[in-house]
Amino acid sequence: MATNSASERHDRLMTLPPVLRGGFRPFFLSGAAWAVAVVGLWVCALSGAVTLPTAFDPLAWHRHEMLFGYLGAVICGFLLTAIPNWTGRLPISGSPLAGLWSLWFIARLALLFSATTGATLAFFLDVGFFVVLGLVAAREVIAAKNRNLPIVVMILLFAAANAIDHGEALGCIDLGGLGWRLGLGLVLMMIGLIGGRIIPSFTRNWLTKNGATTGMPGQPGRFDMVTLGVMAASLIAWAAAPDAQVSAMLLLAAGTLQAVRLARWSGARAVRDPLVFILHVAYAWLPLGLLLLGGSVFFSNLPRSSALHALAAGAMASMTLAVMTRATLGHTGRTLRADGWTVTMYALVTIGAALRVAAPLLPMDYMRAIEFAGAAWGGAFLMFVLAYGPKLLGPRPDGRP
């Protein structure tokens with residue numbers, strides 16, 4: 001009868017290429033590379049330099065690929081890395097991991113070239129990836145009787161939002177953008193849930209390590225639950241009725257509560273550690289975006305695109321980059337320390353997001369502002385590929401699997 005001893009697991013993993021020993025390796029690297037490609041193609045399409053070979057219109061493709069393509073890869077990499085820690089079960093690796101990555105990659109190509117290969121094929125591959133991911137995660141969590149089943153449910157809901165976005169983009173249904181709004185809302189809830197766990201925890205650990213004894217971030221409590229509840233209500237209302245005043249008021253309330261929540265985590269005291277401080281900077285985009293989104297309903301001179309990019313290019317991208325860098329360092333056996341490349345990435349993604357949010361309001365040519373924002377934002381992810389690619393593709397320095 002086969003056993004799962006530590007030595008057998010070690011030997012099995014050591015026979016695999018390093019890139020297939022953990023889900024974060026192929027998905028973080030490919031996700032970052034895809035983000036660079038999507039932003040580059042979108043800026044070229046917006047300027048008229050290229051015509052995208054997709055059945056989606058260029059804006060719908062750009063929005064879909066940043067949300068379900070790039071972010072889908074990062075979510076998958078994070079989930080496949082976190083689940084073994086949650087459950088104590090073996091990580092998905094080897095051929096199953098290669099198969100899941102292949103499904104994601106082929107779906108990206110099928111969607112980009114869907115004007116030729118067909119929208120139906122792209123739909124089944126793209127939605128199928130999230131269904132498979134959700135079922136794999138459900139099997140692991142249920143087998144271990146783990147408490148993180150709500151995260152699995154959110155993945156399956158993300159698959160449903162993806163399916164709706166396909167239908168809307170291709171004109172099969174007309175729900176006024178419900179699909180991508182649901183998808184973005186689910187991502188923001190994941191940031192609120194997971195960020196609320198890791199940010200105060202990492203901050204508290206760093207402060208303790210550096211001798212602090214007072215003013216520590218507390219454990220999530222009733223206030224956090226109320227804040228997340230209000231945000232969930234606001235995002236559901238916004239997804240269903242984005243122009244309604246009740247939706248705007250809920251968004252403003254959620255943004256205010258999230259700002260208070262962030263202030264309770266003592267982020268300013270961790271400014272000397274970029275790996276910790278970037279988490280606070282990234283999370284700050286969440287209340288700002290919610291406030292801008294709510295305010296755009298009441299103030300016509302406040303562009304909704306600025307609010308959406310505060311949430312997407314700001315909160316979504318900055319948080320994922322922060323998590324990818326920290327997880328890669330930790331899970332490849334390296335010191336949790338941000339070098340010059342990493343600090344520059346954090347600066348570029350923040351500058352790129354800020355430029356994109358402010359682009360409609362800047363006293364300069366709008367297209368030029370978009371190009372500058374895209375160059376800075378895309379540059380951050382290109383630096384991740386260059387600086388962290390060797391870490392993700394190569395073995396751990398300590399020889400462990």
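Q: How many salt bridges does a search of the whole structure find?
A: A salt bridge is a side-chain nitrogen of Lys or Arg within 4 Å of a carboxyl oxygen of Asp or Glu. Searching the whole structure gives 8 salt bridges. This is a predicted model, where local features need pLDDT of at least 70, side-chain atom pairs count only at pLDDT 80 or more, and totals for chains, interfaces and linings use all residues. Residues are numbered from 1 along each chain as its sequence is written, and side-chain values use heavy atoms, leaving out hydrogens and water.

Q: Which parts of the chain does the pair R89 and E140 link?
A: Helices here are DSSP runs (H or I, at least four residues), numbered from the N terminus. R89 and E140 form a salt bridge at 2.9 Å, N to O. This pair joins distant parts of the chain: R89 is in the loop between α3 (58-87) and α4 (94-112), while E140 is in helix α6 (residues 119-143), 51 residues apart. E140 also meets R139 in a salt bridge, at 2.8 Å, N to O.

Q: Is E140 buried or exposed?
A: Buried means under 20% relative accessible area, exposed over 50%, and partly exposed in between (1.4 Å probe, protein chains only). E140 has 4%, so this residue is buried.

Q: Where do R368 and E371 lie?
A: Both are in helix α14 (residues 366-393), 3 residues apart, about one turn of the helix.

Definitions and conventions
Helices (H or I, at least four residues) and strands (E, at least two) are DSSP runs, numbered from the N terminus.
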